[in-house]
Each structure stands twice: as structure tokens, then as C-alpha cells.
Amino acid sequence: MNQILIVDDSPTIRRMVKASLAALSGGCEFVEAASGLEAIERLAIGPVELMVLDLNMPDMHGLEVLGFVRSHSKYRQVPVIILTTRGDEASRVAALEAGATAYMTKPFAPGSLATKARELLEAAAP
Amino acid sequence: MTEFLDTFLDDYFAECDEHLTAVRRTLLALESSVGQPRPDPAVTEELFRAFHSLKGIAGMVEHREIELLAHEMETYLRAVREGDVRLTTAGVDTLIDAARLLEHAIAARRNRQPPVDVESLVLELRQIAPAGDSAPGAVAVAPPTDAGSWQCLFTPSAELIARGVNVDMVRARLRAVGEIVSAAPVVGEGGGIAFRFVFQGEPAAADVEAWRADGMVCSRVEQETVPAAVPAVPADRGASTLSSGHYVRVDLARLDDLMRMIGDLVIRRARLGDAVARVESHVPSSDWRAIQENTSALERQLRELRDGVMRVRLVPVGEIFRRVPFVVRDLARETGKRVAVDISGQTTEIDKFLVERMLDPVLHVVRNAVSHGLETVEERVAAGKAPEGTITLAASAAGEIVTIQIADDGRGIDVDRVIARARVAGLPVPAHVDEAALLELISSPGFSTRDASDRVSGRGFGMAVVRTTVQDLGGSMRLASAPGQGTRFTFELPLTLAITDALLARVGTQTFAVPQAAVREVIELDAASIQALEGGEIIQYRAAPAPVVRLSGVLGIPVPAAQERLHAFVVGAGAGAVVLVVDRIVGQREIVVRSTSDPLIRVDGIAGATDLGDGRAVLILDAVALARHARGGWGAAPRVRETA
């Protein structure tokens, strides 16, 4: 069972991401967080195989979350898909430099998000 | 894709509403920052985030015009936030126009109308914002100075989270004792994750001690540096950072269903209560006591359940009040008047349904107050008043009644002008026009105050509609006006509809229910104390004569024999008190209101019907309308006059 952490302050987007990934083979369990601090708290208490992370959130920017994740030995390997609203072109470079595994923009096509997630989960599997 | 998206539309519109509410609240705060090199970062940040989120979700559901408009608003705000553009009045005006259009565009989508054209505003926004994308969003914030403050290290765990102690709760606790300067994750001993909050404030020693059991270790910060592993996070931004993770959105229709089911339960329980009472003599007393205890416990629990569901439906009246500054601001500009808005009691809670229905009436009265009530600056100065007029909105709750007051400190209603207009409109004008009669005249369907300067107030929504709406909601309305001092409208509304406490009264062989909220007092009186006066009847009530209405007479119910002692409801207060006489008041009960909204069977004085549990339908009397009858015929003002 894949543990997937979805971090976005919009409940609508979180639901859409869940619906897009629900059909992944092997099954998924979703953990949700509405802010950066919440996301890191979820990381602290349970293993996560994949993280879908928004950039623009209250109280902690997605890049800061990503920076923390990559600086921590325990979570350095967790694949992170940045899923952010388009129109923030410079942030793609910043995100990839900060260690994002993939960078996708909203609006996203459910199919491509699922494909990317499957790819990353398979690559990370032992 | 479309099918996929359709399942999210309800969520989408609900979230749009939340962001629009935040936008409305914040835009006015932004206006006060005009001209400063950098407006309040908390305000711009909240606005920026709202537009950004709207853009994101609108893009997902392929509402391109909303996405585009929100994007341009976001771009402008980013420039303001970064200090690339100085905030101007024109800029704020454009933002306000754009916010209004955004609201309109979302409403059009919701109503399945064609997409709204946003092009001209998009162009306007592009003109005031610099071209090109600017830097990505991470907010640059000066590193917090820690001196003299406290820090709290919180180490989360599954066990703590199961107890509800999480990072959001820690933040809420700290916010309650001080101001949070920063919040950031840190790597604790042994590689575990912890959160470090720095806050300014004085937590109580007892709290600090108690928090320890919840994984929170607080200490005073001496001269020390923040661990550098992770950049500090922007300062706490109050309510905007409230996590949405702990809220559930519910369609109002589902709550209506729930309320209806509880209503059925209330009726069923009443039926059970009656049945239990009937078998009392047939059951051994020890057994009967057990049954009795259980049915009364059931009644109590049902009441708690009802209150619980009612509370879920309550929202702050502030949802209405927040719109007022916008309306006032526009009108003030159009009319050249100077207006301040004073709002209080916005956290008073009221049923969601009532909030939605009261929005237009409140805005209408406010528009009237600005365009008719308040004088121009010159007139005010000439009259020795402050040049700036004030519109006061206040809300308060007492028992099951919520009161909303809208007042201005303007010229007051010109009674002679109203009378002249009423005559032109062919309305009957009483010999003595008091405040109640005045309210009656201005809220008559035929009375229009429309002349050239009044266009802004009208908008197809007159005082007649205000009155009908308030009455439909089971509320009442009062007017107080003094020449040169101002006008005040008072709405009294039930906290919620559907289920209410009522007094049961008998008239002849009939039983009626009277909602308790409308009744000021219940009295017993001697039939002999009723005196005839000018074709009517009065009694002395609290040392003043009060008109008497016999329900048997009004409702045409034959009364077998004249009783010596009668019961009566007193409705209204002071000089406006009216005494509604019945044969006997027989009890008090929770009733489920089934309103008679069908115009064909609707009668003034009857608010609806209910089922008392014995299967018989009982009419619910509208005591306020009946009292009105006593003072001047059907259709007169609902509440008589301001308390003396």
C-alpha cells in the first residue's frame, strides 16, 4: 500500500489529486495536509512513499518544505511532485534546484499526474 | 475530463465563496495602506493568496475567464507586495471592480449562464501592473529578533495527534497567549522532527507546565540564534493561516433534511409522551416511573440534539456586515458624502438561511441611509454636526431572538414629505402619523421614493420587499427617527426557523400555538377589568391603557359561556403593548413549524401549522400580526413603536 502525502491548502485540489491517484495499482493510502507545517508533521509520524506538494501555501512556502525534506537524511529519498499553479515560470527552476523530483502545473490532467506518480513509485520501489 | 470535473463543482463553488469572503474582508483593509511604500504585508499576502488559490481551482474546472481575471489580480498584488508598484487609490479601485466582476463571473458559472466577459478589466489590471513575471513567491521576511521572547519546541507524535494535539493546536494555544513571531520545523535530537515556535507574550506558568505533557517545551529565549538548518517561516498571519483541515463543508439542503428528521422525532416523542401519560393508571407505579424517567430523558436528549444541529447551521452575522463597507464606500463616492461605518456584534450567530435572506434587506436599508438619511458635508457643517456621517450596524442575540440594528446620524425621516408622497400614491394616511405609521407608509407596496437622485437606492428592491422578507422569516421590524438626529431600523429575527418553543392556548374548543419569542408576558386578568372604549376594548396594563384583542372575536370562534378569569399574551412593550386574550393557556411545547407559504391559503395572523403529536393539526398564530390588527388594521406595521 502506497502512502501518498498530498499537501495543498485547497481542499478542492486535494480531492482532485486523490481522485486522480485513486486508481494506482497496488492501492494508495492518502495523507492530507493543508499547510507546510502540517505536511512536515505528517512526515514525522509516518512513512510516506510519495509527496504531492503545492508551492504557494500559508505559513510555509512549498520550497521551504521541500528544502527541509531534502536536508533531512530520513526523507531525502522521498520523491516529491511539485504541483503548482501555472504562471510562476521562474519557480520551476527554483523547485528543480531545491530537489523536486517532478514539476507539474495546475490545471493538471488527472491522467498525466497518475502516470508521473506511478513512474516515481516504481522507480523508488526496492 | 468534464465528467471528472463535474464531481468537484460543489467543492469548487464552496471554496470560491470562502476566498471571495476573504477578498471582501481584506480589500477594505488594503485601502488604508494607499500611498505607503509597502502596505501591511499580512493584508497583501492574504489577498494575494486568495487570488492565487482562485486562479488554481478555476483553472482546474476550466473556467478560463475566472482563472484569467484572478491571475491578473494576483500579478498586480505581487508587484505591490514586492514593492515594484506603489499602491494607489486607482489601483485599489480597480481591484475592487475586479473583485466584483470576479464574484459576478463565479455566480454566472454557478447559475449555468454563459461566461462573463472580463477583458476590459484584465486590460486595466495589466496597465497598472508592470509587465513580466516576477520572482517566485517565497516571501522575504526579516529574520525575527528573538530577544525578550519565548520559544516553544513541539515534538509531534502519533500518540499526541490521536489526542488532537498537533501543530495547528500548538499554534492556536500559543496565539492565545501571545503573538507568534516565527514557526519552523527543526531536526531534533536523534534525527526526529520538531517545530520551533518563537512568540512574544507571557504564558502562565501553569500552562507551560501542563503543555509539557503534550510535547510542548517552552522556555524564555536568551540571546541565542535560531538553528540555521531551515529558513524561518514568515510570521504568523492570524486567521488566514487557519488550517482548513478540520472543517467539513456541508450542503445546506442536507442540514435541512436533518432538521426535518429531528422535527419528525420531536413530534413522535410528543406522541409517545401523551401515550405514556394515558397508561399511567394501568401500570404499576414502579414500572411507570421507569417509563417516565426514560421518556423525559429522551425529551432532554432530543432537545440537545436539536440544539446541536441548530448550532451547526449558525454562521456569524458578519457575513452580511462585511458587504456593507463596500456598498457605503461606492455610494459615498457617488453622492460626495463622507461616511464612516461602525460595526459591532458581527460575531453574533444566526441561521445560515436567515443570513442569506437578510443580505438584500440589510443592504437596502444601508443604501437608503446613505443616500437619503445622511446629509451632504455642507449641510452637516451648517447644522453644526461632524462633516462625516456615521452608519452604525449592530447585532446582538438574546434567547432565541437576534436583533440587527441599522442606524444613521443623518437628518431623520421627513414626515411631511412622506405623507405628501403617500397621498399622491393614494395610500390611506392616518390622522396621527407616529413612527409605526411612518414605517407602515414607507413600506407600503405603492410607496415609491424614487426621484432622480434616488436611483442608487432603488435597485428594484424597496422597503415593501424588506418588510415582506422580514415577516416571511418570522421576524419584525421597528423604526425610530428623530429630525436632525437620525434614523434607526431594528430587525428582530428568530435565531432559526423550523423548531421553536411555543405556548398552547385554548379558545372555545380550539387549540392554538403561539411562538414564545413573540410573547413578552403572560398575564391572567379579570373579565370585568376589560373596559369598552370607542368601539374597542382596553385594560390597564402596567399603569397604562393597552388595547385588548379577543382571539375568539378575531378568529370567529364561538365561546360557550363568558369566563370570569381569562389568560392573555402581552405582545410589544411600553406604549405599543397589545393584550391578546384567550380562554386559557394550557401548556408549553416544542413545536415544528410548517409554514403556510402558499399564497392561496395564507392568512395574515396565521404563521403556519404544527402537529402536536396527537395527530391533529394546530394553527400557529402570528401574535405580532394579530397585535398589529389591534392598532390599525391588517397590513399595518408589524411592531408598533420603539420602547418608550
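1. Helices (H or I, at least four residues) and strands (E, at least two) are runs assigned by DSSP and numbered from the N terminus. Just after helix α3 of chain B, residue B:Glu62 takes a positive phi of about 65 degrees.

2. The model is predicted, so local features need pLDDT of at least 70 and side-chain atom pairs count only at pLDDT 80 or more, while totals for chains, interfaces and linings use all residues. Residues are numbered from 1 along each chain as its sequence is written, and chains are lettered from A, with ligands numbered from 1, in the order in which they are written.

3. The model scores ipTM 0.87 and pTM 0.50. For chain B the mean pLDDT, the predictor's confidence in each residue on a scale from 0 to 100, is 79, and 85% of its residues reach 70 or more. Among the elements of chain B, helix α15 (residues 377-382) has the highest mean pLDDT, 91, whereas helix α18 (residues 455-458) has the lowest, 42.

4. Over residues 132-144 of chain B the pLDDT stays under 50, and the model has 29 contacts beyond four places in sequence for them, a contact being two residues whose C-beta atoms, placed from the backbone, lie within 7 Å. Over residues 633-644 of chain B the pLDDT is also below 50, and this stretch has 37 contacts in the model beyond near neighbours in sequence.

5. Chain A has five helices and five strands, and from the N terminus on its elements run β-α-β-α-β-α-β-α-β-α. Of its 126 residues, 52% are buried, where buried means that 20 or more other C-beta atoms lie within 10 Å of the residue's own, exposed means 12 or fewer, and partly exposed lies in between, with C-beta atoms placed from the backbone. Among contacts in chain A between residues at least 6 apart in sequence, 63% join residues at least 24 apart.

6. Chain B has 21 helices and 23 strands, and buried residues make up 38% of its 644 residues. Among its contacts between residues at least 6 apart in sequence, 69% join residues at least 24 apart.

7. Helix α3 (residues 41-60) of chain B has 20 residues and reaches 28 Å from its first C-alpha to its last, close to the expected 28 Å, the expected span being 1.5 Å times one less than the number of residues. This helix, α3(B), is mostly covered, with 18 of its 20 residues buried.

8. Helix α4 (residues 64-82) of chain B has 19 residues and should therefore span 27 Å at 1.5 Å a residue, which agrees with the 27 Å between its end C-alpha atoms. Here 16 of the 19 residues of α4(B) are buried, and the helix is followed by B:Gly83, whose phi is positive, near 80 degrees.
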